[in-house]
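Good morning, colleagues. Please take a moment to look at the sequence and the structure before I discuss the fold.

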Amino acid sequence: MTSSNPTADTPADRPRAAVMEDVAGLAGVSAMTVSRVLNAPEKVRPETRARVLAAVQELGYRPNFAARSLVTGRSGVLGVVSFDTTLYGPASTLYGIERAARQHDYLVSIASLEALTRRSIAEGVERLRSQSVDGVIIIAPHESASEGLRHLPKDLPVVDVGGGEGVPVPVAAVDQHSGGARATRHLLSLGHRTVWHLSGPPNWIDASGRLQGWRSVLEAEGREVPEPLAGDWSAQSGYEHGRRLARDPEVTAVFVANDPMALGLLRALREAGKRVPEDVSIVGFDDVPEAAYFWPPLTTVRQNFGEVGGQALQLLLDRIAGVEGDVRRMVEPELVVRESTAQLR
């Protein structure tokens with residue numbers, strides 16, 4: 001029977017996918033050298049590695065993960081346990097990990113959790129182990145996650161992202177304490193007597209770190225420490241607390257624990273007839289893509305999620321390879337000054 005579509009190609013017409021021997025021929029090396037470049041690049045001379053990688057790109061070669069696992073004893077897949085990826089921080093962290101994994105020729109399998117409890121973390125990790133992952137990164141920004149991390153399989157390489165002190169596995173995280181301190185020092189440098197704080201939920205490690213950074217600077221400077229207001233990361237909570245802050249004439253500077261809450265605060269102040277930054281200066285946290293387009297453009301603390309993802313992945317690859325080293329890698333945040341802060345008049 002002939003095809004009803006005269007233009008349809010046959011298997012013989014289709015271009016053959018490049019194989020390792022094709023890469024070896026183009027690069028002028030052996031297939032074994034190509035395998036080393038893809039699986040243990042540190043063991044290959046830089047100039048040889050560059051030729052092989054150029055050939056890989058030119059030919060569009062894609063490694064066969066099943067074949068590679070037979071050679072290396074590894075699946076080429078990493079697992080990520082994540083929670084609430086609707087929030088900017090966890091979502092950006094996950095993206096940073098995925099991007100770093102691609103650069104190291106790893107696939108990523110994700111287990112999303114509705115809550116970070118000992119049981120849910122164990123179930124998420126077990127789900128990933130059933131896929132024969134080489135190791136797991138857990139994005140665990142909750143205080144409640146620490147207990148779950150103490151009961152993971154001992155034979156599985158695990159790294160935590162965003163964990164607090166005392167976490168029993170290696171950690172990569174942004175220095176939240178430093179970020180809160182930077183925001184507070186900036187506001188004090190503008191002549192404000194003290195700084196109010198709209199914090200995140202108390203059970204979030206990031207929120208606690210930012211609050212501690214804020215408090216430590218005020219105490220070190222001998223300034224009044226106003227009672228912090230706890231939000232829930234949403235613009236609505238920023239707006240509701242903002243209405244309260246707008247009624248207090250003593251409030252001239254506010255450090256807000258994330259940018260969406262700062263957006264809600266901006267609206268509440270405007271509705272109350274308060275000008276930003278003439279009457280109240282505001283600093284947020286995260287530097288979401290929209291922060292530069294708030295009105296006024298928001299001064300905020302930027303987190304380098306790409307760097308966090310890269311550090312987490314390197315920690316995990318070290319553990320997979322049996323290399324011991326740093327167990328806690330901190331990434332320094334950056335203060336981005338825009339138009340929501342100004343010298344107090």
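Accessible areas here come from the Shrake-Rupley method with a 1.4 Å probe, and for residues only the protein chains shown count as cover. On that basis, the protein has an accessible surface of about 17,200 Å², 50% of which belongs to carbon and sulfur atoms.

This is a predicted model, in which local features need pLDDT of at least 70 and side-chain atom pairs count only at pLDDT 80 or more, while totals for chains, interfaces and linings use all residues. Residues are numbered from 1 along each chain as its sequence is written, and side-chain values use heavy atoms, with hydrogens and water left out.

Of the 345 residues, 51% count as buried, meaning under 20% relative accessible area with a 1.4 Å probe, protein chains only. The secondary structure comprises 12 helices and 12 strands; these are DSSP runs numbered from the N terminus, helices being H or I of at least four residues and strands E of at least two.

I turn now to the sheet. Six strands form an open sheet with parallel pairing, in the order S2-S1-S3-S4-S5-S11; two strands pair if DSSP finds at least two bridges between them. Strand S2 (107-113) and strand S11 (328-331) each have a single partner strand, so one side of each is left without a neighbour in the sheet.

Within the sheet, S4 (residues 158-161) and S5 (residues 171-174) pair in the parallel sense over two bridges. Which residue of S5 is the bridge partner of Val161? That partner is Ala172.

Helix H5 (residues 88-103) packs on the sheet and touches S1, S2, S3 and S4, where contact means heavy atoms within 4.5 Å.

Methods: Axes fitted to C-alpha atoms, helices over the stretch in contact; angles between N-to-C directions. Buried < 20%, exposed > 50% of the residue type's maximum accessible area, 1.4 Å probe, protein only.
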